[in-house]
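Subject: Structure handover

Hello,

Here is the structure for your records. My notes on it follow below.

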Amino acid sequence: MSEISPLPLIGAAAQRARSAARVLRTLSTDAKDAALTAMAEALVERTDQILAANATDVDAARADGTPEAIIDRLRLDADRIAGVAGALRELVALPDPVGDVVRGSRLPNGLDLRQVRVPLGVVGIVYEARPNVTVDAAGLCLKSGNAALLRGSASAFATNTALIAVLTEAGEKAGLPAGFVELLPADRASVGELLGARGLVDVVIPRGGASLIQRVVRESRVPVIETGEGNCHVYVDASADPAIAEAVVLNSKTHRVSVCNSAETLLVHRDVPFLPRLLSALTEAGVTVHGDPAVLAAAGAGSSAVLPATDEDWGAEYLSMDMAVRVVDDLPQALDHIARWTTGHTEAIVADSATAIAAFTAGVDAAAVMVNASTRFTDGGEFGFGAEIGISTQKLHARGPLGLPELTSTTYVVTGRGHVR
């Protein structure tokens, strides 16, 4: 118990999670799926209790002057609770990655070698505002055989407390060990303890704004899987179909502005004749455009919804009904702009030219590249992975949506017949 003393806020929870992880790594798929089903049913049955707690958080956020885009992330209703319960049921239908053989062979000396997926162990997740992450993280960690230490934001603490109470009760009734999921205190000190809990926690995943992610990456003594900001770009090539371009741009920007796969910058080839129509479609949808001189000229004088852009706009993750728009001379200039300002999340091209598409997909460095499709598709559920922890924008240990396989490591199992070296 000596490991607890330096961790007064999270030590006991981390120890429980560590003990639970030893049990979870050996649970059968059937046992995990039964618990996930029970947890999903309990969420729906106790919707009223969860909504009452959520109303407390939403009211407090409004009283604090929290922007509506952030309140939208925080707010739950019956449909959203049914949705997160549905995400747990979707996990039941997905293959269990634990025990999968990644590769295997018989070595020349006769040893049989298998690389097998195993749980990471104890996964710490630090996230902001969105209480659905609480359920998604608990379910993903369970299905992949990991214990979860969850540190949500203070703004969602009442909601997260209610959710964890429901999940814990249902999971333990279904046979899961105590500590399979733990909610940590929502204060700054608990994050510091989590980041210093090397030996108790195997990996930390931050999910939130730039300041949160940077703090975790900078301070953690525990290995980090970094999820990044979403300064996502849509490039409209000269060969683009006007109707497809308008649909992709509008959906990428306006479908849900408060999420990381919402497009923040539009790059348009100078030979695109329908730029004025694109700008009108954006402003009619309520988007404020931050444009370069060519965009301002295309919008025409007197357009109050088109403002001059600055370097700050090119680097912005607005998470609002704002979009930076620039006219580029050609595709290489678009690639240069993206390389300068990208966060490596999702980049999209709208084009009919196979040459342009090939150059774009080869030239951008991002976790996901969309061709004639909205940036909003970068999502574990949309990719068929089920729920996700987040979108990893780093290159180690995983990149893109963090689904079940990404929450595992591997072990080499070597079988001999009395082999000695």
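How do the axes of helix H3 and helix H7 cross, and within what distance do they come? Before the answer, the ground rules: this is a predicted model, in which local features need pLDDT of at least 70 and side-chain atom pairs count only at pLDDT 80 or more, while totals for chains, interfaces and linings use all residues. Residues are numbered from 1 along each chain as its sequence is written, and side-chain values use heavy atoms, with hydrogens and water left out.

Helix pairs

The axes of H3 (residues 47-63) and H7 (residues 157-173) come within 7 Å and cross at roughly 160°. H3 is therefore roughly antiparallel to H7 (angles over 145 degrees count as roughly antiparallel, under 35 as roughly parallel, 65 to 115 as roughly perpendicular and the rest as oblique). Helices here are DSSP runs of H or I with at least four residues, and strands are runs of E with at least two, numbered from the N terminus. Axes are lines fitted to C-alpha atoms, for helices over the stretch in contact, with angles from 0 to 180 degrees between N-to-C directions.

On the H3 side, Gln-49, Ile-50, Ala-53, Asn-54 and Asp-57 meet residues of H7 that include Phe-157, Leu-163 and Val-166 (contact means heavy atoms within 4.5 Å). By class, this contact of H3 with H7 has 7 nonpolar, 3 polar and 1 charged residues (Ala, Val, Leu, Ile, Met, Phe, Trp, Tyr, Cys and Pro count as nonpolar, Asp, Glu, Lys and Arg as charged, and the others, Gly among them, as polar).

For H5 (78-93) and H6 (132-143), the axes come within 9 Å and cross at roughly 15°. H5 and H6 are therefore roughly parallel to each other. Their contact includes Val-84 and Leu-88 of H5 and Asn-132 and Val-135 of H6.

Backbone

A cis peptide bond, with omega about 0°, joins Leu-396 and His-397. His-397 is found in the loop between strand S14 (391-392) and strand S15 (400-401). Leu-319 has a positive phi, near 55°, and is a residue other than glycine; Leu-319 lies in the loop between helix H13 (311-314) and strand S11 (322-328). Asn-372 also has a positive phi near 55°, and its place is in the loop between strand S13 (368-371) and S14. Most residues other than glycine have a negative phi, and most peptide bonds are trans.

Regards
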